[in-house]
Amino acid sequence: MGRKRKDEPNSPVHDYTRLVTGKIIQCMEYYSITQKDLAEKCHISQSTLSKILKGDITLTLPHLLNIAKALDIDPGNLASFDEISFENETGSKGPVQKKTSSGSKGLIRDPDSHHFKGILGNYFFYCKPTISSEQNLFLKGKFRLEKAKAPENYCKAILELNTGKVDDLNKPIQKVYTGSMVISELMYSCTAIMCSEKYADFCCLNFTHSFLHDQKLLCRLAACLTTSAGISTSRRPVMLKCILSREPLDEEDLKKLEGQLNMNSALIRVSKDDFEKYIIPAFDSPEELEHLKESAVKETMYTWAEDTLRGSGGKYPYTGKAAVINLLRRYSTSEPYIKVSAKGDEFLFSYIEEKKRKKFQKSSRYDKS
């Protein structure tokens, strides 16, 4: 039996182990070897092999050597950071080591690579506007990942964003960003860097990568880095979350998912006025509402509008306005970053899966009638 994992989920050891087990799974699929058959050849139980491949127990060196021997693979190919190719020009058995097309370890640009399996295709794109006065709206568009035309060999990324505005001829204004996407095998991330030549604007999307095998990526929460809209003097770098979904989402869906696009925090704080105005009316059950109130930590919070502090004139001649604002920001409960959490991805996936299920059931009832 292997030892239970002691490394943290995002530690270098954990990341490297996922890299190696991903290669093992890739070889098993290519040679059509089941877990049962491989476990027998390695003289371990199938449950132990399953836990190794899932990362529930540590992949030890003896395990690695036994698995490589059972698959008739050079252990160095499994242990390296390079991609495995099954095109063996030497004529010897087993896959060979292949440098990634980028020349850098762990960066995958070739859309024919198994890393891109299930990821290419069309997505619907949704995010919040970067103008504060339009926060009750949603920006919508389409995001596409496809193989570039020959002789190019990279993943082309296209984002067609509807700005919600019209030109002088009353035609909808659409921003089109084009670029490429690279997968980082070591960081488990997909990064698309795109540019709109017409508007001289860049957009970068980053979302979690996972090996999908026989499935298509249904949805992801992505981090978006771009430049804010509005008048030229207020255009600043902006970071926000966005939704990528194979399924189209309507306004009702987006309102239910809107909370996942806000800055995340392990602590949820809602003002008393907003609680009474929005939260209480949303509950039909007095018991549930009472439980929600009881589970809240009662504490006094001070809230400042930063503009008010900046416009306070000579109220802080000794300390200085900038120093006061910096001090308050240092101890503010607001997170200093925007992070796409695993729970957020899970919530989005569950919601869209349930939407698909209801749509299928409705369609089935219609066919029977």
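**Helix α4**

Which residues of helix α4 (residues 61-71) are buried? I looked them up in a predicted model, where local features need pLDDT of at least 70, side-chain atom pairs count only at pLDDT 80 or more, and totals for chains, interfaces and linings use all residues. Residues are numbered from 1 along each chain as its sequence is written, and side-chain values use heavy atoms, with hydrogens and water left out.

I found H63, L64, I67, A68, A70 and L71 buried in α4. They lie on the same side of α4, because they cover an arc of only 160 degrees around the axis. I noted that the arc is taken from the directions from the helix axis to the C-beta atoms. An α-helix has 3.6 residues a turn, so residues three or four places apart point the same way.

My cut-offs: buried is under 20% relative accessible area, exposed is over 50%, and partly exposed is in between (1.4 Å probe, protein chains only). Helices are DSSP runs of H or I with at least four residues, numbered from the N terminus.

Next I checked the face turned away from the buried side of α4. I saw the exposed residues L61, P62 and K69 there. The buried residues of α4 pack against α1 (12-30), α2 (35-42), α3 (46-54) and α5 (75-79). Contact here means heavy atoms within 4.5 Å. After α4 comes D72, with a positive phi near 60 degrees.

**Cysteines**

How many disulfides does a search of the whole structure find? I got 0. A disulfide is counted when two cysteine sulfur atoms are within 2.5 Å. I looked at C204: its sulfur is 7.3 Å from the closest cysteine sulfur, in C203, which is too far for a bond. C204 is partly exposed, at 21% relative accessible area. C42 is buried, at 5% relative accessibility.

**Aromatic rings**

I found 3 aromatic pairs in the whole structure. One of them is Y30 and Y31, edge-to-face, with 5.1 Å centre to centre and 90 degrees between the planes. Rings of Phe, Tyr and Trp (its six-membered ring) pair if their centres lie within 6.5 Å; planes under 30 degrees apart are stacked, over 60 edge-to-face, the rest tilted. Y30 is partly exposed at 48%, and Y31 is partly exposed at 33%.

Y302 and W304 form a stacked pair, 6.0 Å centre to centre, with 25 degrees between the planes. Y302 is exposed at 63%, whereas W304 is partly exposed at 48%.

**Charges over rings**

I located R18 over the face of Y188, 3.8 Å from the ring centre. R246 lies over the face of Y123, at 4.2 Å from the ring centre. The rule: NZ of Lys or CZ of Arg is within 6 Å of the ring centre and within 35 degrees of the ring normal.

Methods: Helix = DSSP H or I, 4+ residues; strand = E, 2+ residues; numbered from the N terminus.
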